[in-house]
Amino acid sequence: VSLQTSKLSLLFRGQQIRSYLSHSANQFGRTAAISATFFIAAAWSNRTGSVVGSAHQISVHFWLVASYLLDGFSVTAVALGAGLWNRKQTAEFFTLSRKLLLLSVVVGFIFCSVFLAVPGLVTIFTSSHQTILEVRSVWWLIAVMQIPNSAAYTLDGIFFAMKNFRD
């Protein structure tokens, strides 16, 4: 009986692992696409010269600082939201979702405001006048995009939390 029980246990774990892998395929695809985009953009910008390459790297660093912090809302949505969703506590789930979405947009707005109010942040990474001018040519875009970026991260976590992890 114990041999049969262990086989069933192993089979169940295998099905559970396949289910988790299936649910994670979207996350893996998104991560691979983002990584490929950063890799291609870095290669392209560095081929256009040191000023553009430096400006690109500085812009990416500011984008990533905000993104890593904003991604915390996505992780929170998955960690707390999946449990609520799977327990069919939809009212609590949607309350949590609204609060996280609002809070993330507020934080995105704060990043946007700080980036717009303090364009001199670029000088943390360089003193090259040409590089600073190059970064400032897209600085407004980096700043403004923090608001939809924050919403996108949080919505990604909310939608991922709505998956049924008990298949």
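1. The largest pocket in this predicted model holds about 380 Å³ of space. A pocket here is an open set of points on a 1 Å grid over the protein atoms alone, where a 1.4 Å probe fits and protein lies on both sides within 12 Å along at least five of seven lines. Grid points are joined across faces, edges and corners, and the volume is the space filled by probe spheres set on the points. The lining of the largest pocket counts 18 residues, and H56, S59, V60, V138 and I142 are the ones nearest its centre; a lining residue has an atom within 4 Å of a point. At least two lining residues come from each of α1 (2-47), α2 and α4.

2. A word on the ground rules. Local features need pLDDT of at least 70 and side-chain atom pairs count only at pLDDT 80 or more, while totals for chains, interfaces and linings use all residues. Residues are numbered from 1 along each chain as its sequence is written, and side-chain values use heavy atoms, with hydrogens and water left out.

3. The chain has five helices and zero strands. Helices are DSSP runs (H or I, at least four residues) and strands are runs of E (at least two), numbered from the N terminus. Of the contacts between residues at least 6 apart in sequence, 78% join residues at least 24 apart; contact means heavy atoms within 4.5 Å.

4. Helix α2 deserves a look on your screen. Its 37 residues reach 51 Å from first C-alpha to last, close to the expected 54 Å, which is 1.5 Å times one less than the number of residues. A kink of about 30° is centred on L80, the bend being the angle between axes fitted to the seven residues ending there and the seven starting there. After α2 comes K88, with a positive phi near 60°.

5. Now the largest nonpolar core: it has 24 residues, and F115, V122, V135 and W139 touch the most other members. Such a core is a set of buried Ala, Val, Leu, Ile, Met, Phe, Trp, Tyr and Cys residues joined through side-chain atoms within 4.5 Å. The largest share of this core, nine residues, is from α2. Beyond neighbours within four places in sequence, V135 contacts A55, I58, S59 and V122.

Terms used
Buried means under 20% relative accessible area, exposed over 50%, partly exposed in between (1.4 Å probe, protein chains only).
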